[in-house]
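Here is a short report on one protein chain and its contact with a partner. Please look over the model before reading on.

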Amino acid sequence: MGEDTDTRTKADGGTAPRDVTFEQVDWDEIDADGVARSRKRVAWLAVVSLWTIGVAYDLYSRFVAETGQAAFPVLGSVSPVDWLWSFTLLVLLYYGVVPLYENPRMTRYYWKEFKKNKAAVVSALYLIVVFAIGVIGPRVLPEPEPTPGLENQPPVWGSIEAYSAGTSCAGGTTTVDGVTMCQGSWQHPFGTTSSGEDILLSSIYGMEVSMQVGLIATLMSISVAAAVGLTAAYYGGLVDEVLMRYVDIQMTFPTFFLFLLLAYTIGSSLFVLILIFGLFGWGSSARIMRSEALQRREEPYMKAAKNAGASSLWTIRRHLLPNISNSLITAATLTIPSIILAEAAIAFLGLGDPTVPSWGRLISDGRDQLRTAWWISTIPGGFLFFTILAFNFLGDALRDALDPRHGGSGE
Amino acid sequence: MSTRDDTTDVRDVPTERDDQPLLKISNLHTYFRTDSEDVRAVDGVSLTVDPGETVAIVGESGSGKTVASEAITRLFKSPPGYIPEGSIEINGREITDLSDEELRRVRGGEVSHVFQNPQGALNPVYTIGWQIREALQLHADVSKSEARERAVELLTQVGIPEASSRLDDYPHEFSGGMKQRVLIAIALACEPDLLIADEPTTALDVTIQAQILELLAELQEQRDMGMLFITHDLGVVAEIADRVAVMYAGKIMEKGSVEDVFETPAHPYTRALLDCLPGRGGIGGIPGELPDPRSPPPGCRFADRCRHAIDACRTGDQPGMHRVGDAPDHTTSCVHFEPGRDSSTVLDAGSEPAGSPSPPDDLERGGRR
Amino acid sequence: MSRSDEPLLRVDGLKKHYPITEGILNTEVGRARAVDGISLELERGETFGIVGESGCGKSTAAASMVRLEEPTDGEIRFEGENVLEYDAAELRRFRREVQLIFQDPDSSFDPRMSVGDAVAEPLVVQGMSDRERRREIVADLLERVGLSAADMKRYPHEFSGGQKQRIGLARALTVNPKLLVADEPVSALDVSVQAEILRLIDEFQRELGLTVLIISHDLGVVRQVCDRVAVMYLGEFVEVGPTEELFSNPQHPYTRALLSAIPTPDPTDRGLGVELTGDVPDPSDPPSGCKFHTRCPEVIPPSGIDLSQETWRSVLTFRKQVERESIDVESIVEMGVLESGDKYGNLEEPSPDAIDDADLKRWIRSEYDVPDRLDDPRAEATVDDALDAIVDGDHDRAKAHLAEEFTTVCEREKPELEACGTEQEAACHLLDDVHVELDELRLTE
Amino acid sequence: MKWYVIRRVLWAAFASFIILTITFVLMDQVPNQQLMQAEFQAAVNDVDVETAVQAEKERLGLDRPFHERYLDFMTNVFQGDWGWSYEYDQPVVDVVRETVPYSLLYGVPAIVLSTVIGTAIGLYSAVNQYTKKDYAATFAAFFGISIPNFWFGIVLLVVFGSWLGWVPIGWNADIPLAADGSWTLLETAGSDHPAFFRQDFEGERYVGILSPANLKQLILPTFVLMTGAIASVMRYARAEALEYVDADFVKTAKSKGVSNRAIVTKHIFRPASIPLMTILVGRILGLVLFGSYLIEVVFGIPGIGLASFQAIIRQDTDLVAITILLPTFVAIVGNLIEDIMYAVLDPRIDYGDR
């Protein structure tokens, strides 16, 4: 078999420098060729390998050599959360930014669709700012530290009765109706907490925490969910049964309560929190993606791919995954804010990592001073609220914009 | 937008009927609002249906035939759809300016619909009996038991065996053909004067289609009901219609009695459509695409795909309805049939040989005998 | 190397059953017999059509033939090689030789893949890694199906149905297949576009020497393009033959019914042959014997019973209802009372007991269109006995009576495809007589 | 159908079993409070610490092999013997019995109200899709979903409690109770009632669940819990209803002459309500369970959430286990009901093979 394809080529002269029509392809030659990878992919694989080596070395020095955290040139020591964070950023870059850059036509189209939703554009801008400050801020700014004497300082535009504030007043004092009022100052634009920590600084550090928790845990959760959901839907049968029954069990244990249980028994660091939300919170996303993928699996274009001779992996990656991206993005945009909220709630309850400058902890700090120093709870609460709101708006708009069938209206 | 009133032309054609038509649509437009320009789904359609008569609207997808049928009782989704101009009279009463409440009484009472897709047209969570009873009780004050009796009667009439035991079944327990029968029963529940059947057999197999067509014809005869039959299938038209209107891109291209239109198709579009039928020799289809319904080109909508297009076809509005030969009701919207032009350019052109679509310029000169 | 005397594709006794499971352990309780033993041979360069109503298994048959579905049973040989024994690499090569065109142009393209990528996909998965070469092949093909190379970057929703179907054809041709399987290639399109697509398929077939298998419910389409046609009913071929012979001289009652049900575009030729009543039976519980006998307008009556075909048909329907115990006496009484007017007008609660047996029997007859008196005395006696039994509420007796007298050969024995013309074959007991006669003739000679 | 229900019930039982096992294993890792106390006592009393701890272990049965303790734990849980709370100094069962009613006090009205209101808004929004009303409702829903309810609670407390003084800031746990500590709907009590501790007034005031004072202090927690829930319900209801707004059968109904109102209530709501109900049971339950935890902490309501929170802070192991298990079981039962309801309510679905 196959020799006839040869004859076809030769019948056409065979000496042509390039086969440009389909009749002239020598498939046996192609069968003999190996698989080539694009340069982009090679670069990506290199970066991932580098990262993996870094993690491996870190793990080695911690647990095998027991020399403590590994020190790297330039970077110094890298915490577990930072490892995850760097990987998350890499993935966002490779799967989010690079395709948009490579496909300007598609990008313009998405942007045109996305632009229609004003609330989403504002949200996106807000999130980009928060993200940028959150990523860069903690690298260049000093850590917020309790400053005895400068407790309960008001924000720059406000004032507070001097007896409620610390011993000194950064913005000087005034006297109103015989009460000495402590004025705000640009030294602490958003004021300070009851322990004298600068609220602006704390909020910036809080941005990093929220972004880390939200993005890392969501990436983990969505990746697992997509892998499980797609595998279950594509293969069906026993694979589906086993995976989905496991999801059932996992989902009966609400993540929040699971975290409480684990926080109680093994302690609660930010790393543990991220892992728990990332590894145990994907049940409902997996269900959504599975049901979507089940529908897509029956579409004729899946059959067309199979008919072309595509492997299962190819079909899942190139057809199933892109076509459930609506569900994926929906799930992701539902997951990010809920995880940020959960982290804040846990920090608010005081059950989280006490060393982490989370917004939830700030809100909790200001709870008792609400009547006097309302800004301590309100300002970080506002950041939290608007971040969650922005993610929700953004998700809604993305869902609309990413649907290529959405374009036409009318009939 | 066309300001020319197609109806004036129709009035030129002497009609022998003295009595009032059951349905009279004049210069109906139906547009849909979009982000950019409106989609002109129906763009000036005039049509009458007499009691006991079957009129078919035939056209391909995108011709606006379904929208035209839904515009009669304003069933299309609104917004975005709206009727910018036109008049619809039922038994002499204008219904375009009726309120929703008044229109509600027309729907199902005087005018009923049967739709294309029987699978989705029945509410899956109610029994068949409930859905027929609902139709009955909306328009007549009947008790529950009377309604039940009537429902059994209706189901028996549409050929559902053991009707009374099937009243409590849910739609998913019926086959496609049976569902369509149930939907016909619902449509007939209140003895409508006009039945609008929108591709009622398209989703069904030929053998089931034959059953449904026979049923419709039978029921129509019993009730002397007018029927507006929407279809894309010329075979079905030839089978069931008395008169036919050919629609293309929101306009009527040709109308007349079914015999006239099939024997002497006048409009180049009708002729091309008939040529596409299997077994008619003309293999090759109609090259080109429908014009953009947002901004249709000037002149005849079909001009760009027409073998006989001349300069006059590409200016002004859609040509008026001109009489074809001596047939009383047979009119077409083609410049070649304008008084003073030679209509034989179109009428005598044979169908092109299979597999070799020649450019239109060549065919201009065609018309050899 | 293939043997040239082998047909391109040879299918033998192909079956595809879907298990129906129930209960806590998913035990198999039945099987939907979508394809139940079909055989065919595709010669190189011919166009073969399979027609049938929806649910007859024609699409499943096509999918099983090219191993998109794993057949339950049967043998498939492509150029002499057993397709069912292919390993992964061979199967991939086989995919190259056999390509499909799908029914719905809207859903047969991944909405998130540009048309260029979609057409190039077979090339990519078959291992052609040279991007530029792929681009050139795709550009060439798009132009050959009447689009432009610039369309490569556009997405499927930007094209009309007809254009998409052209692209579908281009996608199928990229790997230069030998067999093209078109599953309802034009049924989702308008007639004017249908003709274009069919012409395009025809052109490529001639140019490339393709073998084409067309699956369609539309007899018009099949008649127009196919050399040979198979008519399928409930997973089996009931008739196979050269197109013109089959259409002009159909041998199987189902083919005849199907042909008569097509509306002709001729207003002077009205009246469709509504010969088939009811729906296609459930493929998980197909009728015994000839699967078509439950709807057949030409069921052979048992010898010794002489009834008009119409009456005989109604007696059979009646019998089927008795068999399924679905004679709803209550509702028949309800209807009967309604229609009888005065006689039972004063009845409070219409119940079978309150009705005269004779009336009830008459009503049951009329419900199933059985005449009040059958011409054949033996048949009449049987029906009457059965009715008595039903009125008495003894369904078993009624069943036994009817089964004894009215079991036809169509129900008992499964007809096989047998030659009934030069190349025509049909599976019907009506043809047995012809053969018997022929045999007798031969014997006497 | 029968098999389907049986399967679901068995599955719920199996899931509960797994959850209990996980809880037991995790709790087994936590240092035992009593042992630590014994150790401390021994150190104080200058006895041999080792022997004292060993004795205490024996007394508590902790020296027995793992599987025996595991079996014990399982039987105890099923027999309602849920251990001892050191913080409350009473059996855990009693703590649960005392605290759960407080959670129901605001939880039940919040669930009922948010379901009704949310569904109504969602339907309305779907029917008026792409109009200003729809956008307004959707926009409001985003706010409802996004607002962190613990923070919202605090802000509302400041505004309405401390600035405006409309509602009390502290939560008075005794108001819904009668003088003898039992629950009552409405009755009058004098100043000797524990709720009025340190208050001096003449005559009698209302106490009980329906008393004005109690309702007043319930307003904010109920409202805060509702905001998120209404928004969620509304979004689900809208999405479900949109599935049917353009359905063919709605067009059939319209062509029959059914009024717009009846189309919404009969033809759209009824089919949409089936999947909706099932979503609601699962999702809203989770939302409320999670929300109540925070709300009780913020408002100081002595419900099960606050008890659990304090148990965690104060290392009251048995109480932690039970207060975390309880909502989990509520979720399991909720899911079970959800699945069975779906099967019962939807005539379209044949559960023959699954």
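The report takes chain C by itself, then its interface with chain A.

## Chain C

The model is predicted. Chain C holds 16 helices and 12 strands. Its C-alpha trace spans about 85 × 65 × 60 Å along the principal axes.

Of the 445 residues in chain C, 55% are buried. Take the contacts in chain C between residues at least 6 apart in sequence: 64% of these join residues at least 24 apart.

## The interface of chain A and chain C

The size of an interface is often given as the accessible area lost when the parts come together. Chain A and chain C bury about 4400 Å² between them. Carbon and sulfur atoms carry 53% of this buried area. Chain A brings 42 residues to the contact, and chain C brings 49 residues.

What polar links cross the interface? The rule finds 11 residue pairs in polar contact between chain A and chain C, both residues at pLDDT 80 or more.

## The chain A side

Six helices of chain A each supply at least two residues to the side that touches chain C: α1 (3-11), α2 (27-32), α5 (104-115), α12 (300-307), α13 (312-323) and α14 (325-349). The largest share, seven residues, comes from α12(A).

By residue class, the side of chain A that touches chain C has 19 nonpolar, eight polar and 15 charged residues.

Note on methods
Residues numbered from 1 in each chain as written. Chains lettered and ligands numbered in written order. Predicted model: local features only at pLDDT ≥ 70, side-chain atom pairs only at ≥ 80, totals over all residues. Heavy atoms only, no water. Contact = heavy atoms within 4.5 Å. Buried area = accessible area lost by both parts, 1.4 Å probe. Polar contact = N/O pair within 3.5 Å; in protein donor to acceptor, adjacent residues only side chain to side chain. Helix = DSSP H or I, 4+ residues; strand = E, 2+ residues; numbered from the N terminus. Nonpolar A, V, L, I, M, F, W, Y, C, P; charged D, E, K, R; others polar. Buried < 20%, exposed > 50% of the residue type's maximum accessible area, 1.4 Å probe, protein only.
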